Structure formats: C-alpha cells, structure tokens
Amino acid sequence: MNNNNNNNQGRAKDIKGFTNAAFVTDGEYNTTSIIRRKSGNANNLQLEAQTVVDGTGNGNNNGGNAAGGGGAGGGNNTINSQLMDFDDILPLIGEFGRYQKLLFLCMIPFAFFVAFVYFSQIFLTLIPDQHWCTVPELSTLPLQERLALSIPRINGEYSNCLMYNVNYTELNEKGVRVADPSWPTIACRHGWSYNTSEIPYSTVATEGDWVCDKAAYPTYAQSIFFLGAICGGLLFGWVADKFGRIPSLIGCNLVGFAAGVTTAFVTNFWQFALMRFFVGFAFDNCFTMMYILVLEYVGPHYRTFVANMSIAIFFTLASCMLPWIAYYLGNWQLFALVTSAPLILAIFTPFLIPESARWLVSQGKVDKAVSILKRLEKMNGKHIPSETYQIFADNCIKLRQEDNKQDSYSVLDLFKTPRLRRTTLLLIAIWMSISLVFDGHVRNVGSLGLDIFFTFTVACFTEFPADTVLTLILDKFGRRWLACSSMVLSGVFSLLATIVPLGLYSASLAIVGRFFVNISYNIGLQYAAEILPTVVRAQGVAFIHIMGYVATIIAPFVVYLANISPMLPLIILGLLGIAGGLLSLLLPETLDHDLPQTLGDGEEFGRGQSIWDFPCLAKKIDEVDDMEQRPQYFVRSTQNGASLRASTRGELRSSILQRSIKSRYSSKL
C-alpha cells in the first residue's frame, strides 16, 4: 500500500507543465490523472491528456503532446486517443472571431425586448400624484376655483380621495367660491381629474381610475407579472432542454408578443392582469436564451466582456429610450403596441442564429453540431482538419454514453450536508435580497420627487458604468468583497436619501444606490454558478433564481409603501442591501479557485478560507505547485471557463438548464 502511494506521488510530480490537473484515486491501486489544457491559446493548444496507472505502476498516457514519463515504476506511455471537448476545439475555430461578433450584434433586438417587457408596465400604469375628485357641477370653473370649493385640504394638500358633500349647484348660483372646512366630506362620486402637466397622457390606470381604494391595482398587476415569469421560466426552460434554445426563444417571444398586443385592447383590471401574466412568460427568457447561445460560442476569456457589455450597451440603450417613447407617443394603447409588436421578429431567428452546438451534443446530435462548427470555422477564416472534427465527435458520443451511466442528482442534494446546506441557504437569502433591492429601486423612481421620465433615464444609465467597471475589476478583486461592498454601499446611499430633502438630493442619492445594486446584481448572477457543484449546478442556480422571482413579487408592495411615506421604500431597500452585503462575506471566494465538481467537492469548497482573504493581495503561486499543496481535487477552473464535460453533464441532468444561466451576465458557465 505504501509503495503504491509513493508511486502515485511520484507520478503527480511528472506532469509539471500542464494546468489544472486533478487526481482521482480509484480504490487502492488505480490512479487517473486528467490534465486540462490552457484555454484560449489557439496557437499552442495543449489537448487534455489522460494517464491511467494500474496497481503495478505501469502508465498509459492518452492525449496530445503529454510531457513527462510514466509512474515511478517506470512503465511505458502509449498514445491511444485524444480527448477533445468543446472548449478544446473552440480556440482552433476562433474564440471571438467574425462569427461571434455578428452573434454579439444579434443580441441587440433581444436586449430591447427584455427592457420593453420588464419596464413597460411602469409607463402603462403611471398615475399623477395630483389627482382630485371630479365635480360635474363645477366643470365650467377654473381649476383653482374648483379645488378651493370642492376639495378639502389634508396637511396643507388637496385630498386625492375626498370631496365636500354639499349642493354645488346651489353654491354655484350663490357665487360661493371658497369651501367651509366644517362641511361634511364624502368619497369621490364621479371619478377623478388628473394633472396632465405631470404625466402628459392618459394611462390604463387613469382611465380605470386605479386610485384611492383601487390604488393597489398596479402593484397587484406587477406581482402577477412575476408569477407569469416563474411559470414561463419553468415552461420554456423545459422547452429549451427538450426541443432546443431556438424554439424556446421563439416561443416565449411569441407569447409576449400576443399578450402585449392584446394589452392595448383590455377594458378592465382583470383583463389587464391576465395579459401581464402572459407577458411575464417572456420576461428574461426573451433575452436569456439568446444570451446563452452567444456565450456558448464565445471563448472563456471573452465571456465576461460579452456577458456584461451586451447589457451595458444594448439593454441600457433600450431602457433609456423607453420613457421617451411613451412620452412621444402620448397614448398608452399605442405604447403597448409599439413595445410589443417587435417581439414578432423572433420568428426570423432560425435564419440568422444557429442552434446551440453544446445542446446538440448533449442530445446526441453531434453531426449537426459539427456542421455548425464548420460554418463558424469558415466565417472566421480558419481551417480545421477533418480528423480533428472526428476526434471531437467521437469523444462527445463517448462522453454522453458515460454520462448516461452516472447517478442522477436533484436540488435536495444541496441540503444533505452541513456546509453545502449553509452555502445554499446563504445564496438564496443573498439573491432574494439583491433581487428585491434591484427591482425596488427600478420601480421607486416615481416616488423620488422629480420628473419620472428624466429620473428613470438617469437611473437606467447607471447600468452602463456599473457593468463596465465590473468587467474591468471582477477578476481582479474577486466576488465576495465586491458583492459585500456594492450591496452595503447601495444600502447606505438608500438610507442617506431618506434624511435629505425630497427632490434632487434624495433622487441623486437613490440613483447612486441603484448604481451599486447594479454591480451586486451582476456579481450575484455569477456567484452561485461558481460555488455550486457541477452535478447540481444547473438545477441549483435555477432554484435560487426562482426564489429571486419570489422576492420580486414582494418588491411592488414595498414600493407601494410610498403612499404612506416616500421614505419607507428607501429605508427597507437600504436595510436589506446592508444585510445582504454582510451575508455575502460568509460565502467562499471563487476567484482563482478550481470549481467543485461533485457533492463532496461542494462540501469541502472554501474550507480553510479566511473572511479577510483578498484575492488582489494574495501571493501568486504556480498552478501545479499550488495543486500539489491543496487537498481540493477539482478539474474545472474559474479562469478557464467551462469544459464540455462539465457543461454537457449539467445539461443532461437538468430539465431547466437555461434558468441556471438566468444570469444575464454569468460569464463562467
């Protein structure tokens, strides 16, 4: 036994020069060494080498250009086959060539779709702060005279929901123009009048008089929208795994198109709420599917750029344009049509965008995947030998056959061991707080005391610097402390906004809070995908993001508290931001750490880390030397991105994969 262990240790040192080596001991005698290539180097590609050593010390080396001898027993190495996966062949084809750049540009319409779907209800249900009971008998009088005679004052302001219960015809004939505060009052009888200088067009809410005892109707509709998002996520998640990314992308956009267009013709609240439920089916899916497709064709070193800058540029542009589209059209029905009709363009997707090659491989459709890769190769001006494609196809088929023999896992496995259970519960709590704070800031712009069209535009523009800054610093400073600091700063600025005068000062501080929660939102999307083990990563992240949707159902009710006090929403958002930020310090850091593959890896991941570890201050250690010193035997590296072995197995085991990358920004899957 001791001799075998010594032999294994000797063989471990023979592989110096390779990266991300993982050792798995099979029983007492057999040792398998899997050596990952350095991703992103098309000129000096090192293919994955696999060394299998039996109990006698003899070694068989499978792979390309494997350096180093056999085991300590002096066995001979023979090359049997090359192990090539998607991330091995992609650098040969081009990790961000002309083809991927065109795909990046194809994200533009879908980024517009998700902005329109997400934000349009804000401008469909706007209600001016200044609205009063309509008194038909006084319709010929100027506004100020009508108010002075018919509307009681509460705390110096004209009431929104009460009028004096007197004979206005008689008062008008007598020439009375000022009310007696002692007159009896009553709730509005004949509807409401609205100050159109604040909101220069009628909305579905003002036409339906969703004020006073109906003031919560827009809040209910928004929560129903997020219920639809949960149902749509599950439905089109299943469609994406069963029939492919393209059918799911087309399907969710068509549902959003149909429900959005129908919204323009609703006549009551329940019809509007039903349409918002079905529009919710398209929320996130209408962009996420395209987001996944592009990320799956981009090399690991470009994923952070593509993931973040697609949002920073395209989504931000659409969000900033949206209020001015509503302002210019001046009609809520036309606005509903203009923001929903473009979703029909998704039917042209199959003519412009290929199906996910990774998904095709996971379904055993390797020939179709190879044909797409050849098209990509031609567009990028590369030349790949046919033998390379054959090696790739053979290994994909073998991988799928091996995976079918593996045990199945579920979300429940995340709660069976103490450390992994603790990590999962922390991720859920943190993501729910981030989701609630983010959506709360989005919807609270109308309570900041400034013009909502201008304030909304400025607040949405914070997405651009937030995503740009994060692209530059995330892989330098790590996830944990950036997540903590951004959330805490968001909370601090939200609280500061409550102690300054309402208007410019409070709005400015709240917008700074929105900037920081944008950063934490982007980090949170990626964090869970890096911490959870590969065997349950897809399902685990899907579950966490669904819990985030549950939090967003609550967010409209938090914003509704502004009807009691404009400060209440910001106080709640501030406290939640600080709490969520401090909780993130309890998570392990993932930067420069190999990611967990198995449940056992997940249980051990982060053990020994200190809360005061800062990646940017850590001493750089040679990868192989570090590997020999650490007990973690993980294959997959944060810096090198996902291998087909990890991502395909995640696809095969998960029935809701794309929800796992709900990550608008997840750059490491």
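Author: Leaving aside neighbours within four places in sequence, Phe119 is in contact (heavy atoms within 4.5 Å) with Phe315, Ser319, Leu322, Val442, Phe456 and Cys460. The model is predicted, so local features need pLDDT of at least 70 and side-chain atom pairs count only at pLDDT 80 or more, while totals for chains, interfaces and linings use all residues. Residues are numbered from 1 along each chain as its sequence is written, and side-chain values use heavy atoms, with hydrogens and water left out.

Phe119 is among the residues with the most contacts inside the largest nonpolar core, along with Met107, Phe123, Phe283 and Phe392. That core has 145 residues; a nonpolar core is a set of buried Ala, Val, Leu, Ile, Met, Phe, Trp, Tyr and Cys residues joined through side-chain atoms within 4.5 Å. Buried means under 20% relative accessible area, exposed over 50%, and partly exposed in between, with a 1.4 Å probe and protein chains only. Helix H3, residues 98-124, gives the most to this core, with 17 residues; helices are DSSP runs of H or I, at least four residues, numbered from the N terminus. A second, separate core of 19 residues includes Val135, Met163, Trp183 and Tyr194.

Burial also marks helix H21, residues 504-531: 24 of its 28 residues are buried, so H21 is largely enclosed by the rest of the structure. H21 reaches 41 Å from its first C-alpha to its last, close to the 40 Å expected at 1.5 Å a residue, that is, 1.5 Å times one less than its number of residues.

Definitions and conventions. Helix = DSSP H or I, 4+ residues; strand = E, 2+ residues; numbered from the N terminus.
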